[in-house]
Amino acid sequence: MNFELNETQKNLQKTMAAFCQKEILPGAAALDESPKDQAVAALRTNLKKLGNAGYLNLLLENDLISHGVAGEEVARACPATFLSAMSTATAFGVPLNRFGTAAQKGKYLSGVTKGEFIGCLACTEMDAGSDLNGIKTTAEKKGDHWVLNGSKYLVTNASIADALLALTWTDRSAGLDKGLTFFIVEKGARGLSPGKPMETMGLRGAPVSEITFDKCEVNSDAVLGGETGRGYEQYLQIMEYVKLAISTLSVGLGMACMEESTRYAKSRKAFGKPIGLFESVGAKLAMMFTYNDLGRMMVSRAAWAMEQKDPESVVLTSCAKLFTSEAANEIADLAMQVQGGHGYLKGTMVERLYRDARFAVIAYGTSEMQRAVIAKDSLDRFKSA
Amino acid sequence: MDFSFTDEQRMFRETVYRFAREEIAPLCEEADLKSEFSFDIWKKMGEMGLLGLPVPEQYGGQGADFVTCCLAGEAVGHAGVDGGHTLAWGAHTYLCAANIMQHGTEAQKKKYLPKLATGEWIGCMGLTEPGCGSDAAAMTTTAVRKGDKYILNGAKMFITNAPLSQVFVVFATLDKTQRHKGITTFIVEKDFPGISTGKPLHKMGCRCSVTSEVFFEDCEVPVENCLGGEGLGWLIALGGVEWDRSTLLAPFVGGGIFMLENCARYANQRWAFKRPIREFQSIQNRIADMKVYLEASKLAVYRVAASKDNGMALNPLYAGVSKVYMGDKGFEMSSAAVDLFGGYGYIHEYPVERNMRDAKLGQLGGGTSDIMRMIVARIMMM
C-alpha cells in the first residue's frame with residue numbers, strides 16, 4: 001500500500017503546473033468573457049498548446065493516475081479548456097483508441113493528440129440523458145451506407161468539432177444491450193448541421209450546442225469498431241473515463257478556489273490581522289483543503305481500480321464524481337464567502353469558478369444519478385437474509 | 001500508487017472479523033445497555049493477540065505494521081463490536097503500550113510491554129485535564145524532582161480505562177513557564193503512592209469503556225519511570241497523533257461499514273406502500289452517501305497508516321483531514337442511519353442507535369473538529 005505518486009508522476013505534475021500557469025491561466029478570464037466566436041479561436045490555440053505539451057496524447061495512454069495528475073493542473077488553470085480537451089481526447093479519442101478499427105485509429109488519433117483535430121461525444125438528446133431508452137436518433141442501413149436521423153443536445157465541442165461520435169439506434173427492437181451503435185460522423189457530412197453555441201452559465205469557453213442529423217449519410221466504415229449493436233457496452237466504459245475526468249475537473253477547480261481565497265485571506269487585513277487568522281475564515285480554508293485532499297485521493301483510488309480492471313471501478317468512479325463535484329460547489333461557495341464582496345464581482349476568478357463548478361454536479365450523470373448507481377450496488381449486496 | 005493490501009493483511013482482517021463477529025459482538029449489546037466493561041471480551045481480545053498488536057514479538061506482542069493494526073480495528077468495528085470496547089482497546093494499545101514501545105528504555109519496555117501486550121495489565125494515557133484539552137501548554141499537573149523520585153500533583157480528566165489500569169502514561173509539567181518545553185511524560189503504576197481514580201463517568205456513547213478522572217497527590221514516581229526524557233513530553237504527545245489518526249479511527253471505519261450493511265439489509269426487508277423501502281430515493285440517497293463517506297474515510301485512515309509503514313513523517317494536514325472529516329461526516333451519517341430505520345432506529349435493540357451515540361466521540365476525542373480546522377488553517381496561513 002502506497003499513497004505517493006511515483007517520480008515520473010511527480011515530475012509530470014511539476015511540468016504541467018508550470019506549463020498551465022504560464023500558457024493557459026492568463027487567458028482563462030478572457031475565454032469566459034469573450035463573445036463565442038472569439039473564444040473559439042483562443043480555445044483552438046489552447047488545445048494545440050495542450051497537444052504540443054503531450055497532454056492530449058497522455059489522455060489516450062493507460063496510466064490513469066497520470067490523467068488526474070496532469071488534468072488537475074489544466075482544470076486549475078482553466079476549467080473550460082479542461083472540458084473542451086476532455087471532450088476531444090477522453091470522450092472522443094479514448095473510445096476511438098479502445099474500440100476503433102485500425103483504420104479508424106489511424107485516421108483520427110494523431111490529429112486528436114496534436115489538438116489539431118477536434119472531436120466530441122454526442123449522446124444526450126432533448127428528451128434523453130442518463131435514460132438511454134429515451135434516445136430517438138436512429139441509423140438505418142441503406143445499401144452500403146447508413147442514414148442518421150435525429151438530433152443531439154448539449155454537446156460540448158459540437159460547433160468546432162471535426163468529427164463526432166453519435167449514439168444511435170440501429171435496432172430499436174434489440175434493446176439497449178444490442179440495439180445501440182456509435183457512429184463516427186465527420187464535419188461536412190451531408191445532412192449534418194451543428195447549431196450555434198448556446199449561452200451557458202459557466203465553462204463559457206467550451207462551446208456547447210445542438211447538432212442535427214437530417215438524412216445524414218455516413219459510410220459503413222463509420223461504425224465505431226466496425227460492428228453494430230455494441231453502443232451500450234461501449235457507452236458504459238466511456239462513462240467511467242468521463243466520470244473520472246469530471247472528478248479531475250472538480251479537484252482542479254477546487255484547488256484554484258482554495259489557492260485564490262487563501263492568498264486573499266493572507267493579504268486582506270481586518271481589525272489588525274489577516275482575516276485568515278480569524279477562526280471562522282480559517283475554518284473555511286481548512287474545509288476547502290479537506291475536500292480537495294480527500295477528493296484527489298478518491299480520484300486516484302477510482303483510477304487505480306480502473307487500471308486494475310477491478311469491477312468495483314463502476315461504483316468507485318461514481319463515488320469520486322459525486323464527492324468531488326459536490327465538494328467543488330461547496331468549495332467555490334466557501335471561496336466566495338472568504339473574499340466577501342470582491343468575489344462577487346464579475347471578472348474575479350472566484351466568481352467565474354463558482355459558475356463553472358455548477359456544471360460538475362449536473363453533467364455526465366447528475367448527483368442524483370450517481371447516488372442511484374451507488375445505492376443500488378450496496379443494496380443489492382444485502383438483498384437476501 | 002498502490003491501494004492494495006497484502007494477502008497476509010487481507011487474511012488477517014478476515015480472521016479478526018470472523019472471530020469478533022462470533023465471539024465478541026454477541027456480548028456487546030447487553031454490555032452497552034448496562035454500560036459495563038466486559039473482562040470476558042477483553043480476555044478474548046488478548047487471546048487473539050489484538051491487545052499487543054503493534055508491540056514487537058520480543059516483548060510479547062505481534063509486531064504488526066500500522067496498516068495491519070488499522071485493518072484489525074476496522075474488522076472489529078465491522079463485526080459489530082461497540083465503540084466502548086474498541087475505545088478501551090485503542091487507549092490501552094495505542095495510547096499507552098505504543099508510547100512505551102516507541103519512547104521507553106529497554107528496562108521500561110521489558111517491565112511493562114509483555115503484560116500490556118497480553119492484556120493482563122490494562123493501560124491508559126493521561127493528557128487532558130479538567131481545565132485544558134488541546135491547549136496542552138495550559139497543563140497544571142506538575143512534576144518536581146526530589147532525589148530519586150518525581151512528585152506529581154494535579155488531576156487528569158476523561159481518562160479512558162483509568163479505573164481499570166495498572167499502568168498510566170501521564171503528562172505533567174516540570175516548569176509551567178516553559179510551556180510546551182516543560183511537559184514531561186511519566187509511567188505511573190496504580191500502586192505508586194498518591195495516585196487515585198475517580199468514579200466512572202456516565203457517557204453518552206462508547207459506554208463500555210470506563211472513563212474517569214485521575215488524581216495525583218504528592219504521587220511518587222521513581223526517576224527511572226520518566227518516559228523519553230525531561231521536557232520531551234510534548235513531542236511524545238504529538239507523535240501519538242499518527243496512532244490517533246489511523247489506528248484509533250479505524251474502528252469508526254469498521255463501525256460505518258457495519259452501519260451501512262445494517263441499513264442496506266433493513267431497506268431490503270422493510271416494506272411501505274407495497275414496495276421495499278429501498279425503492280424510495282430518499283433511502284437510496286442515504287445509502288449512497290454512507291458508501292461515499294466510507295470510501296473517503298478508508299483512504300484518509302490508510303494513507304496515514306501506510307505513510308507511517310513506508311517510513312515517512314506524518315503530514316499534520318493529512319492527520320487533521322482524517323479526523324475532521326471522519327468526525328463530522330461520520331456523525332452525520334450515523335444520524336442518517338437512525339433516520340433510515342425510523343422509529344426502530346431510536347430503540348436500543350437496533351445497532352444504529354448505539355452507533356450514533358458512539359459516533360459522537362469522533363468529533364470530540366483526540367481534539368475536536370473545531371481544533372482540527374484550526375490546525376489545518378494555521379498551516380495554510382503560514
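1. Where does B:Ala136 lie? B:Ala136 is found in the loop that joins strand 1 (123-126) and strand 2 (142-146) of chain B; helices (H or I, at least four residues) and strands (E, at least two) are DSSP runs, numbered from the N terminus.

2. The model is predicted: local features need pLDDT of at least 70, side-chain atom pairs count only at pLDDT 80 or more, and totals for chains, interfaces and linings use all residues. Residues are numbered from 1 along each chain as its sequence is written, while chains are lettered from A and ligands numbered from 1 in the order in which they are written.

3. B:Ala136 is partly exposed because 19 other C-beta atoms lie within 10 Å (buried means 20 or more within 10 Å, exposed 12 or fewer, partly exposed in between, with C-beta atoms placed from the backbone). Leaving aside neighbours within four places in sequence, B:Ala136 is in contact with B:Leu127, B:Ile183, B:Trp234 and B:Ala237; contact requires C-beta atoms, placed from the backbone, within 7 Å.

4. In chain A, strand 4 (residues 163-169) pairs with strand 5 in the antiparallel sense over 7 bridges (pairing requires at least two DSSP bridges). A:Thr181 in strand 5 is the bridge partner of A:Thr168. Of the 7 residues of strand 5 (residues 180-186), 6 are buried.

5. Between the chains, 40 residues of chain A are in contact with 38 residues of chain B. Helix 10 of chain A gives the largest share of the side of chain A that touches chain B, 15 residues.

Methods
Two residues are in contact if their C-beta atoms, placed from the backbone, lie within 7 Å.
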